[in-house]
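Work through these exercises with the sequence and the 3D view open. Try each task before you read its solution.

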Amino acid sequence: MASSGQGQSNYDLSFKILLIGDSAVGKSSLLVSFISNVVDDLAPTIGVDFKIKFLTVGGKRLKLTIWDTAGQERFRTLTSSYYRGAQGIILVYDVTRRDTFTNLSDVWAKELELYSTDENCIKMLVGNKVDIGSDQVVSREEGLALAKELGCLFLECSAKTRLNVEQCFEELTQKARKYILFSFDVSDTALDFAYSNKSSNFESCTQDIV
Ligand SMILES: Nc1nc2c(ncn2[C@@H]2O[C@H](COP(=O)(O)OP(=O)(O)OP(=O)(O)O)[C@@H](O)[C@H]2O)c(=O)[nH]1
Ligand SMILES: [Mg+2]
């Protein structure tokens, strides 16, 4: 329950963010890099994991619950249920592996279309691992073009060097915050209600992308 008091459990607004994309593109690494500033080599995610981060934006304390899904196909049925209610979705590819980029259109954008329940959900396309400069096979221009096609924000990142990592989550949160109805203290239940009744109160989310 949100309140205006002190401490980790108190916040003004709550956001659900989801990370999707092929296995080994660096979804978990981006999340760990954002949360703890350090990235070691991680094991593939089994099913789903989540982490919570508090941010202060525009004088409001925001609670981000960031769900990190497994990219492996065997978990697809399980992970599909986590799209529900997500207000921000980060689609990740590896700039050194073209298959992970083409799968965004062929697989992940279709999953998103099928399972996402929030039509005003903000999407962010992330090309990760730009620190491996010489091995980059998907250009920034291609990334930008796909982002435009899918109606996404776009950033190239590195979970290893932390390039654009904070910017990725913060930009997504700032954009999503614009669609929250209430600027006063509000509980998760109230937010769910707000989103389920939002259509006439929300602007289009694709007008100021990229
Ligand atoms: N060079 C480099 N390696 C990275 C970067 N991000 C992740 N990696 C490496 O890529 C591998 C896979 O990273 P994960 O974060 O586990 O990938 P994932 O997308 O979560 O994979 P699944 O959990 O299987 O879906 C690990 O060995 C990471 O160390 C990056 O920005 N640069
Ligand atoms: Mg993972």
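Predicted model: local features only at pLDDT ≥ 70, side-chain atom pairs only at ≥ 80, totals over all residues.

Residues are numbered from 1 along each chain as its sequence is written, chains are lettered from A and ligands numbered from 1 in the order in which they are written, and side-chain values use heavy atoms, without hydrogens and water.

**Exercise 1. The sheet**

Task: Find the order of the 6 strands in the open sheet.

Solution: 
- Step 1. Helices (H or I, at least four residues) and strands (E, at least two) are DSSP runs, numbered from the N terminus. Two strands pair if DSSP finds at least two bridges between them.
- Step 2. The order is β2-β3-β1-β4-β5-β6, with mixed pairing.
- Step 3. β2 (48–57) and β6 (153–156) are the edge strands, each pairing on one side only.
- Step 4. From one strand to the next, the twist averages 20°. Axes here are lines fitted to C-alpha atoms, for helices over the stretch in contact; angles run from 0 to 180 degrees between N-to-C directions.

**Exercise 2. Two strand pairs**

Task: State how β2 pairs with β3, and how β4 runs relative to β5.

Solution: 
- Step 1. Strands of a sheet pair through backbone hydrogen bonds, either parallel or antiparallel.
- Step 2. β2 and β3 are antiparallel, with 10 bridges. K51 has I66 in β3 as its bridge partner.
- Step 3. These two strands make a hairpin with 2 residues between them. In the turn, G58 has a positive phi of about 55°.
- Step 4. β4 and β5 run parallel and are joined by 7 bridges. Opposite L91 stands L125 in β5.

**Exercise 3. Helix α3**

Task: Describe the span, the kink and the surroundings of α3.

Solution: 
- Step 1. α3 covers residues 98–115, which is 18 residues. From first C-alpha to last, α3 reaches 25 Å, close to the expected 26 Å. The expected span is 1.5 Å times one less than the number of residues.
- Step 2. A kink of about 50° is centred on L104. The bend is the angle between axes fitted to the seven residues ending at a residue and the seven starting there.
- Step 3. Buried residues of α3 include L104, W108 and L112. Buried means under 20% relative accessible area, exposed over 50%, and partly exposed in between (1.4 Å probe, protein chains only).
- Step 4. Among the elements covering these buried residues are β1, β4, β5 and α4. Contact means heavy atoms within 4.5 Å.

**Exercise 4. Aromatic pairs**

Task: Classify the pair F34 and F169, then the pair W67 and Y82.

Solution: 
- Step 1. Rings of Phe, Tyr and Trp (its six-membered ring) pair if their centres lie within 6.5 Å; planes under 30 degrees apart count as stacked, over 60 as edge-to-face and the rest as tilted.
- Step 2. The whole structure holds 6 aromatic pairs. F34 and F169 are stacked, at 4.3 Å centre to centre and 10° between the planes.
- Step 3. F34 sits in α1 and F169 in α5, 135 residues apart. F34 is buried because its relative accessible area is 1%. F169 also counts as buried, at 1%.
- Step 4. W67 and Y82 are tilted: 5.1 Å between centres, 40° between planes. W67 lies in β3 and Y82 in the loop between α2 and β4, so the pair ties together parts 15 residues apart in sequence.
- Step 5. Y82 is partly exposed, because its relative accessibility is 22%.
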